Amino acid sequence: MRHKIVAGNWKMHKNAEETEDLLNELIAKLPSDVAVEIIVAPTFVNLASAVDHLEFTNIDVAAQNMHQAESGAFTGEISADMLKNIGVNTVILGHSERRAYFHESDALLASKVNTALKHDMRVIFCFGEELKDRQAHQHFNIVENQLNDGLFHLETKDWVNIVLAYEPVWAIGTGETATPEQAQEMHHFIRETINAKYGGDVAEDVSILYGGSVKPDNAKEIFSKPDVDGGLIGGAALNSDHFAAIVNAI
Ligand code: PGA
């Protein structure tokens, strides 16, 4: 069901001690009575402790990645079952850093999505165009292809466990943000594309987050747009004051 979400992607930041400190700060500073779902995604090694730490709070825990196989000889990888087993029910898939640095293709991501859904996990599926695509006016085509190749093999019923995160690559970690109008334009296009494939119920129910240099001073305007249901936050999620301010901007 479509609802407001603010998720913090901690990437490869914060050791165990720092994770605990940041979680304690977030517990103290984040509102407990807001109609927004709050998610944090620490690194793999700190997921179990984060789940324990946040047990009696309204903050949920997500993993930043996951392997598509059930188990096997995949040195260094983590399975859906391992995540579920420690109480992690949400996974971020398709982040542009995974696509760029770890060569994750849409076909690979489609199979990761399948595995996550098979394990009853919720997927935050990231996608978005690069700067050269936008400059060549190809951004709508690129996004449509990413949705098509990564998600459009799913059945209608699967979509209750899908959250979308539109993250233009040129805005991630760059300080460059899509304008609220650019975000709204793309989010509207995404909803229309889903509507054309799956119909109005799925399109209206799916939450579409914006990611890319969301900060306390631009969050309110971006979140005010009708097709923007929240944010996937990188850098600003590592500072408890900034993350709390972004959550309060919803
Ligand atoms: P950023 O990262 O907020 O630091 O731009 C967003 C993301 O990578 O999800």
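Student: What volume does the largest pocket have?
Tutor: This is a predicted model, in which local features need pLDDT of at least 70 and side-chain atom pairs count only at pLDDT 80 or more, while totals for chains, interfaces and linings use all residues. Residues are numbered from 1 along each chain as its sequence is written, and side-chain values use heavy atoms, leaving out hydrogens and water. A pocket is an open set of points on a 1 Å grid over the protein atoms alone, where a 1.4 Å probe fits, with protein on both sides within 12 Å along at least five of seven lines. Taking volume as the space filled by probe spheres set on the points, which are joined across faces, edges and corners, the largest pocket has about 620 Å³.

Student: Which residues that line the largest pocket are the closest to its centre?
Tutor: Lining residues have an atom within 4 Å of a point. The largest pocket has 23 of them, and the closest to its centre are H95, E97, R98, Y101 and F102.

Student: Which element gives the most to that lining?
Tutor: Helices here are DSSP runs (H or I, at least four residues), numbered from the N terminus. The one that gives the most, with 6 residues, is α4.

Student: Are α10 and α11 roughly parallel or oblique to each other?
Tutor: Axes are lines fitted to C-alpha atoms, for helices over the stretch in contact, with angles from 0 to 180 degrees between N-to-C directions. Helix α10 (residues 216-223) packs on α11 at about 20°, with the axes 8 Å apart. Angles under 35 degrees count as roughly parallel, over 145 as roughly antiparallel, 65 to 115 as roughly perpendicular and the rest as oblique. Therefore α10 and α11 are roughly parallel.

Student: Which residues meet where α10 packs on α11?
Tutor: Contact means heavy atoms within 4.5 Å. By class, this contact has 5 nonpolar, 1 polar and no charged residues. P216, A219 and F223 in α10 meet H242, A245 and I246 in α11.

Student: Which residues make the contact of α1 with α11?
Tutor: The axes of helix α1 (residues 16-29) and helix α11 (residues 240-248) come within 9 Å and cross at roughly 40°, which makes α1 oblique to α11. The contact is made by L22, E25, L26 and K29 of α1 and by S240, D241, F243 and A244 of α11.

Student: How is α5 set against α7, and which residues make the contact?
Tutor: Helix α5 (residues 106-118) packs on helix α7 (residues 139-150) at about 45°, with axes 8 Å apart, so α5 is oblique to α7. The contact is made by D106, A110 and V113 of α5 and N145, Q146, D149 and G150 of α7.

Note on methods. Helix = DSSP H or I, 4+ residues; strand = E, 2+ residues; numbered from the N terminus. Nonpolar A, V, L, I, M, F, W, Y, C, P; charged D, E, K, R; others polar.
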